[in-house]
Amino acid sequence: MQDGEEARATAEAVARRHYGKLVAFLAARTRDVAGAEDALSEAFAAALARWPADGIPDNPEAWLLAVARRKTIDAARRRRSSAAAGPDLQLIAEELAAVAADVTQIPDERLALMFACAHPAIDPATRAPLMLQTILGFDAATIASAFLVAPATMSQRLVRAKNKIRQAGIPFRVPERAELRERLDAVLEAIYAVFAEGWSDPAGTDARRRNLAGEGIWLGRLVVSLLPEEPEALGLLALMLHAEARREARRNARGDYVPLADQDPGLWDSKFIDEAEALLSRASRSGVLGRYQLEAAVQSAHAVRRRTGQADWGAIERFYDALLALTGSPVVAINRAIAIAETRGPAAGLAALDSLADDGRIAEYQPYWAARAGLLTRAGNLAAADAAYQLAIGLEVDPAVRAFLQQCRAGLQPPQP
């Protein structure tokens with residue numbers, strides 16, 4: 001008899017690796033995302049009940065798909081009692097049974113599912129959350145927290161979106177070139193959201209976020225493999241690789257937060273950086289410049305410090321100028337102000353931050369107050385810096401970053417008489 005904890009650990013491992021693949025496979029044949037999720041949930045429940053007694057199967061993924069397949073077909077039979085439903089049910093059964101017999105034959109249709117979630121009929125604000133749930137199995141509460149929405153509201157949005165896919169018969173396919181541009185942005189945004197969830201747990205201690213950065217990179221590689229000349233897909237993958245290259249440098253041996261400017265470039269992953277640079281070079285040949293290429297170019301200008309000992313702040317400022325013109329994002333504006341402080345001094349950087357004072361979006365945005373505190377410190381306005389640090393500390397949720405900000409505040413020296 002298998003230990004119950006071992007069975008649960010195996011089920012959780014399969015869920016982390018293959019949840020989205022199994023949901024995509026089932027949903028692509030039924031157009032019923034919620035039904036696919038329900039069937040797979042029942043399959044996992046059956047595994048937890050049966051594996052401790054029967055033993056963990058040699059191929060857990062195939063076992064789960066077989067059970068989920070039966071649950072899907074049973075649900076379809078319950079919903080469709082008319083004789084006309086017979087051929088449809090038979091088709092579902094034959095398709096699922098043929099592939100479930102051998103896990104190596106299960107096609108990976110996650111990208112097709114992502115494009116279904118990014119269909120124009122789906123509310124743009126719901127597309128990325130929907131992908132996070134269907135591809136990675138995030139619950140509505142977790143997604144709601146990431147997108148600053150009430151859990152009940154997010155849950156309702158996700159239910160409506162899944163109903164739309166089923167009722168409208170939205171196809172599960174990678175769109176043709178003519179319609180690709182409209183929906184690719186939503187797919188790339190969702191992939192970046194996946195990566196960002198993992199990036200926010202640099203030590204890898206949160207089991208729910210573990211490997212998400214790697215999953216985001218994997219999905220980015222998948223898009224590039226299918227769209228090898230798409231410049232923004234190349235740019236996003238380059239951006240993620242540049243960021244992931246610095247993972248080991250973001251915390252010191254004690255687990256303390258280390259800001260980018262203080263990181264040891266020798267700890268950066270040269271293999272990832274070199275791959276990112278090659279991807280940016282490929283993207284540049286298209287002559288079409290977009291958000292992800294520009295963000296990756298910013299990271300490339302930071303990576304120059306490996307060779308020169310100093311980031312290329314002039315280039316960073318120019319890239320942020322272009323990003324701000326393209327997006328109008330206050331986050332970009334804050335980073336641009338930091339770059340201006342490096343090229344023209346802290347007073348110029350503060351002036352750039354002051355231009356955001358009337359933007360309500362930054363009132364409770366920690367990086368704004370942390371940036372302001374740092375520039376005020378450099379400008380010698382220590383009282384104002386102290387107040388800004390207090391706000392930044394109060395808004396920060398990461399204990400390591402909060403401790404870093406507290407150290408910065410403690411290090412403020414009173415002005416000399």
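This is a predicted model: local features need pLDDT of at least 70, side-chain atom pairs count only at pLDDT 80 or more; totals for chains, interfaces and linings use all residues.

Q: Which parts of the chain does the pair of Tyr-192 and Tyr-292 tie together?
A: Tyr-192 belongs to helix H9 (residues 177-199) and Tyr-292 to helix H13 (residues 291-303), so the pair joins parts that are 100 residues apart in sequence. Tyr-192 is partly exposed, at a relative accessible area of 21%, whereas Tyr-292 is buried, at 4%.

Q: What is the geometry of the rings of Tyr-257 and Phe-404?
A: Their centres lie 5.2 Å apart with the planes at 70°; because planes over 60 degrees apart count as edge-to-face, the pair is edge-to-face. The pair links distant parts of the chain, 147 residues apart: Tyr-257 is in the loop between helix H11 (231-245) and helix H12 (270-284), and Phe-404 is in helix H20 (residues 399-410). Tyr-257 is partly exposed, with a relative accessible area of 26%, and Phe-404 is partly exposed as well, with 22%.

Q: Which residue lies over the face of Trp-199?
A: Arg-250 does, at 3.5 Å from the ring centre.

Q: Where do nonpolar side chains tend to be found in soluble globular proteins, and which residues touch the most other members of the largest nonpolar core here?
A: In soluble globular proteins, nonpolar side chains tend to be buried together. The largest nonpolar core here has 85 residues, and Leu-64 and Phe-172 touch the most other members. Helix H1 (residues 4-30) gives the largest share of this core, eleven residues. Leaving aside residues up to four places away in sequence, the contacts of Phe-172 include Ala-27, Ala-28, Val-33, Leu-113 and Ile-165. A second, separate core has 26 residues, among them Ala-385, Tyr-389, Ala-392 and Val-401.

Q: What is a disulfide, and how many does the structure hold?
A: A disulfide is a covalent bond between the sulfur atoms of two cysteines. The structure holds zero disulfides. Cys-117 is buried, with a relative accessible area of 0%, while Cys-408 is partly exposed, with 23%.

Technical notes
Residues are numbered from 1 along each chain as its sequence is written. Side-chain values use heavy atoms; hydrogens and water are left out. A disulfide is a pair of cysteine sulfur atoms within 2.5 Å. Buried means under 20% relative accessible area, exposed over 50%, partly exposed in between (1.4 Å probe, protein chains only). Helices (H or I, at least four residues) and strands (E, at least two) are DSSP runs, numbered from the N terminus. Rings of Phe, Tyr and Trp (its six-membered ring) pair if their centres lie within 6.5 Å; planes under 30 degrees apart count as stacked, over 60 as edge-to-face and the rest as tilted. A charge sits over a ring if NZ of Lys or CZ of Arg is within 6 Å of the ring centre and within 35 degrees of the ring normal. A nonpolar core is a set of buried Ala, Val, Leu, Ile, Met, Phe, Trp, Tyr and Cys residues joined through side-chain atoms within 4.5 Å. Contact means heavy atoms within 4.5 Å.
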